[in-house]
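Work through the exercises below with the sequence and the model at hand. Each task is followed by its solution.

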Amino acid sequence: MIGISFENFLSFSPMAYDMVAHVLTLGFAVMLAALFYFVLSIRTVAPKYRVSSWLSVVVMVSAFLILFYQAQSWTNAFAFNSATGLYERAAGAPAFSNGFRYLNWLIDVPMLLFQILFVVEITKATRQTLRNQFFFAGAAMIITGYIGQFYETAENIAPFLIWGGSSTVFFVWVLILMYRLIRDARQNLEGEASTLMGAIWWLFLISWFLYPGAYLMPVILNNEAGVVGRQITFTVADISSKVIYGVLLARVAQVRSEQEGYIFQNLFGGLGTGEPKASASAD
Ligand code: RET
């Protein structure tokens, strides 16, 4: 069948059903918590770096909404059948779909890619070129993948693999752009800022690779474990690629702000850790 996610063709033990419900809830709860973090920590960085935190805020709001809906979609789609002891498709309820996620990525992927452009030292022209390429490659990667995921339960999965393959071409393009950007950026960064940028590259690489893994799940593991595995993979990937990545970028911005002698006032009106110390100006 075309257009129906493989989750809908299976029945779940209460344990599997709950694990999915819990991991989806964890996902949106983390986005809301992190939203506060990004808003409240914005003044810890110099104004020129703040766009990065604002972009994290946009990502958190959109992810929170979509993941909240995703969790509702799961609980609405299945109902407990006491005769079988399993959660089965609820009659008349809309099918569970992962498609909402892809539309969320259409917003979040460009934002996540743009974010880093504001904490590294690059010329305006380079920033514009990278922004355009990130936008085009990122959007093309998601749209092709979105079309492909409709075919995951089709009799003939060739379209699933062909659209997925096209998406991978754009993914590789994004990876190359990001690799070069981080490599060049590290030349201009010192100490902790450079180390953090190195960590951001590995976090980026690993967390972004989890998404194609989840896409392929119906082919790799077409059972209950595959469904649980897919939602856990998506959630780990979301927390890493949006929240941890945003926190690390904010940390780079804090370190750079400090290195540049930026002083911030904390929420209570006192001076925060950006207070000039005798050693701060020396490093
Ligand atoms: C798809 C389709 C199959 C092939 C590939 C894919 C890549 C998806 C990626 C998504 C990243 C999403 C992020 C979202 C954050 O909000 C579309 C699954 C390569 C890399 C970072």
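**Exercise 1.** Determine which helices the buried residues of α4 pack against.

Solution. The buried residues of α4 pack against α3, α5 and α6. Helices here are DSSP runs (H or I, at least four residues), numbered from the N terminus. Buried means under 20% relative accessible area, exposed over 50%, and partly exposed in between (1.4 Å probe, protein chains only). Among the buried residues of α4 are L130, F134, M141, I142 and Q149.

The model is predicted: local features need pLDDT of at least 70, side-chain atom pairs count only at pLDDT 80 or more, and totals for chains, interfaces and linings use all residues. Residues are numbered from 1 along each chain as its sequence is written, and side-chain values use heavy atoms, without hydrogens and water.

**Exercise 2.** Classify Q133 as buried, partly exposed or exposed, and find its contacts.

Solution. Q133 belongs to helix α4. Its relative accessibility is 26%, so Q133 counts as partly exposed. Beyond neighbours within four places in sequence, Q133 is in contact (heavy atoms within 4.5 Å) with G138, W173 and L177.

**Exercise 3.** Find what M178 touches.

Solution. Setting aside residues up to four places away in sequence, M178 touches L113, I116, F134, W201, F204 and Y245. Of these, F134 is one of the buried residues of α4.

Terms used. Helices (H or I, at least four residues) and strands (E, at least two) are DSSP runs, numbered from the N terminus.
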